[in-house]
Amino acid sequence: MFKETNSITGYKEKDIHYTVLSTDENASKLAILLPGAGYTVQAPLFHYSTGVFLHKSVDVLQVNYTYNDKFYDHFTMDELVEAIHHDVGAVIDKVLEENSYDDYYVVGKSLGTIAMASLINREIFHNAKAVWLTPLLNRDDVFEAMLQSRNESLCFIGDDDTHYNAERYRQFAQNPKLVTKLLEGADHSLQYKSDPVQSVDLLKIVIKAIDAF
């Protein structure tokens, strides 16, 4: 397997690291993984999603930002969103300068769904498949992007997630391109707080659905 780790100079000169993984030098597809603030690409949902894509000869771009770092402590939410858009866009532009792909997947969790909301509007991702993991439904930009998106999309969220919004979730039925899966009792990590064994079963359900998607 080929692995390249690099960085770009991001918002306010902060280095943003990223990793490109590949099992096929002629890969024509790229999966872009956008983790949460504290839920990294090493966490279960992204670790196993990475394996799914690599097994299918899809290159994987892991954007390893660290927005829970002290560097961002003084940022307002608006400034943090600006940083997210800037940094993710810069990483993707850098990778696509060096590699060419025909098809794309975008997988984002929590804070990463803020980046997804703007990314799917880029012309190059017009036909990308999108996987929304625990999206921040109370944010208007994320909600509207999901509701209006013409991308084939898959969404997982638990009803014990603090970012779950029942009224907004119900409106997703208006979008035929968006397949939603509400996981009863699951929290923001897509786990059951009091049942680690059942949480593993839930992880398997999610990864199997991503694999089929």
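When I say that residues are in contact, I mean that they have heavy atoms within 4.5 Å of each other. What you see above is a predicted model, in which local features need pLDDT of at least 70, side-chain atom pairs count only at pLDDT 80 or more, and totals for chains, interfaces and linings use all residues. Residues are numbered from 1 along each chain as its sequence is written, and side-chain values use heavy atoms, with hydrogens and water left out.

Let me start with N175, which sits in the loop between α5 (166-171) and β8 (178-183), where helices (H or I, at least four residues) and strands (E, at least two) are DSSP runs numbered from the N terminus. Leaving aside neighbours within four places in sequence, N175 is in contact with M146, L147, Q148, S149 and R150. Its side chain reaches the backbone oxygen of M146 at 2.9 Å, and the side chain of N175 also reaches the backbone oxygen of L147, at 3.2 Å. N175 counts as buried because its relative accessibility is 2%, buried meaning under 20% relative accessible area and exposed over 50%, with partly exposed in between (1.4 Å probe, protein chains only).

Now to two backbone angles, and here I would recall that most residues other than glycine have a negative phi. E13, in the loop between β1 (2-9) and β2 (15-22), has a positive phi near 65 degrees, and E13 is exposed, with a relative accessible area of 63%. L190, in the loop between β8 and α6 (196-212), has a positive phi near 55 degrees, but L190 is buried, at 4%.

Methods
Polar contact = N/O pair within 3.5 Å; in protein donor to acceptor, adjacent residues only side chain to side chain.
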